[in-house]
Amino acid sequence: MSDRLDLPYTRFGAVHFGILWPDNSLSMPDWGFESITTTRHVPGSNRNVTQLLGKGPQRITYRLSFDSAADYRDLKERVQETDTLVLFAAMTSAPDDYVDLHGEGYVEIADVLLLELDQQPQIFPDGTVEANATFQRPSPS
Amino acid sequence: MTRNFGSVAEAVAADVKHVRLRVFVGGRALTTFEAHASHGVNQPIGTCTVVTEAPLPSFVTPNASVLVQAGYPGAVRTIFSGRLPNHEAAISEQGRWGRINAVGWASLLDYKDFADLRFAGPISLKRLFQALCKRRRVPSYRGEDVLTYDGASVQFGGITEIDEGDVVIDRTVSPLTWLTQKAELFGYRVYDTPIGRVMLSRVSGLPGTTAAATYAEGENAYRFSSRLDTRGMVTYWEVFGAKYTAAAGNVVAIRSIPAEVPYSAELDPPGYRMDAKRDEILTSTALADAVRNVLEINTSEPSELATWEVDGAPDRQPGDVVALDSDTCQVSGNRWLMSVRQSVTDRTGYYATMEGWAGAGEALPAGDDCESSSVSSSTYHVGDSTIAWFSDPSPDGTTVEIAFTVPEAYSSLTIYGEAHGANSYFASSDNDESTASRFEIWQVPDPTQAEDDTDNKLRKVGDGQLPIMEETAGVIAWQQIVIPITGSVKAGPAELHLVAGTDADTGAVDDFEVRGLTLVACGVGEPELPEEAY
């Protein structure tokens, strides 16, 4: 089990969860996006031409920790739905609405899609559940 | 910062470039993942397939206009203009996809009439082309003078013993099929072009000396191939025309044969190949001779067809002359551009596959007849915002009206000039509520009479959409514009309206500038509309 970042207000919509530190890492993952390009070589030359086709959606995968199987099931029902994702401000670069919740800084990121959630989570004897979840936001401008 | 290009040639030559694709259906922007357009001189009707989301929006309706613009920042051009005969939507394990299958404007010529069409002869093939396009309301068309190998105009009809001198188009044949068949006899083709103009032009003999672009191995071609083929070679042509009884009672059978058949090593044995062509439209030996000569020129040598793939070239039109250079394929010199297939997808980029034909014989005379006239030399700022870095900071209004005169007769109108800043919001948004900035032609129904508030009221009779012209604030990036005007514009006084679009995302009116507007009218000559035979 990874160390849980004990943040009481991280949630997707109304579903609360904790976020685990990645194994062997001192930092949290951040939003990334695919740069969609195509490069072709002109035969008989040293010329390579790159066409820039735009940016893909921003995505992030967290390992989530749920206090109970019920919380996990609640989030499972939200797969492929869009809602507000609330994260601890210090662990994301997303420049969205900053809110102070009982002295701790959070960001509320609107219009986030819950793209995937592990369908075979790890369930522990103490009732907690761990699963990977991938969230998606629109391309950066 | 996104690099803006000053021309298509500059963009194609660049090693790094953004790609732009925007599709408008019925004038409204459509979210698009792919577009594939195909045009060719041997493909009378251009086609375009657009892949979008399903369900399709309500403005995607049968017969809606379809405009596809593609290119690079600062060098976006129209790569398809046509209409929508059908569309489809599907859901599968791969998702929900809509597919729009559009056809070019030549499709308007591709259905049969309920009666024969009869034209008083003698009449030139160019006039017949113009008349048929006008009758079917083809929005933009241009016919070259159809000339024989020695420069004489091709005229049909005029023999009183055959259909009383008229030219009759049988109702069992569509006008497009008829025109295609007759044009090919003389080395001409009827075909759609990416900009939306239906062309009648010569693609025969050697291509001209001025090339629109150069495609070369080791410089800009990702793939190059060529094929030399003797299978289409014919060195001995017999041409048969009409057979009729003349007024004097003698039977006239039009026939043209060569005085001597040249020896061809490629066809040995026997050293020659024979074929025949028959068409009742050939009512004189001169016409039959002209057809035979064109056939001899085009089939006397092995046919060399080159194929190459390059970055998308949104300004290339079939019928252009392009220069090729490939040591590997032993191809060098000018070629007729026979076909252009352009493909833009969200994952694989924007590329074009082209075919070029070497032609044979000699370069034949051109039959172009364009007239150019200045519309205005002023600079106009269309929009509603004061923009300090514009040439003309104060806006002249969201619609600017410029009076001009349409020449006596024409078959196509195009407005040339320079512009910057138009439709830039479409580069990053496909909000289908946005409207595009455009040129409109307004005219009264009878331009020989004064405007009034009843029957002869001013109304919009033609239009053309400006391309997407991105630019960086503070830096004017003038770009050349070529706006084909579609619609039915008559000779006489008219008004050019420069109309600003609206960005639905912000509610802001588009601000752009234009300058140096010139009108080019081509295909001059009043078409004769047919009489329908019952």
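This note comments on selected features of chain B in a predicted model.

1. Basis of the model. Residues are numbered from 1 along each chain as its sequence is written, and chains are lettered from A and ligands numbered from 1 in the order in which they are written. Because the model is predicted, local features need pLDDT of at least 70 and side-chain atom pairs count only at pLDDT 80 or more, whereas totals for chains, interfaces and linings use all residues.

2. Domains. An automatic or database assignment sets the domain bounds. Chain B is divided into domain 1 (236-299) and domain 2 (369-526). Taken over C-alpha atoms, the centres of domain 1 and domain 2 of chain B are separated by 50 Å.

3. Helix H2 of chain B. Helices (H or I, at least four residues) and strands (E, at least two) are DSSP runs, numbered from the N terminus. A residue is buried if 20 or more other C-beta atoms, placed from the backbone, lie within 10 Å of its own. Nine of the 11 residues of helix H2 (residues 125-135) of chain B are buried, so the helix is largely enclosed by the rest of the structure. Among them are B:Leu125, B:Phe129 and B:Cys133. H2(B) is followed by B:Arg137, which has a positive phi, near 55 degrees.

4. Sheet of chain B. Eight strands form an open, antiparallel sheet in the order S25-S32-S27-S30-S29-S28-S31-S26. Its edge strands, S25 (371-382) and S26 (399-406), each pair on one side only; pairing requires at least two DSSP bridges between two strands.

5. One strand pair. Two bridges join the antiparallel strands S29 (residues 459-465) and S30 (residues 479-487) of chain B. The bridge partner of B:Gly462 in S30(B) is B:Gly487.

Notes:
Buried ≥ 20, exposed ≤ 12 C-beta atoms within 10 Å, placed from the backbone.
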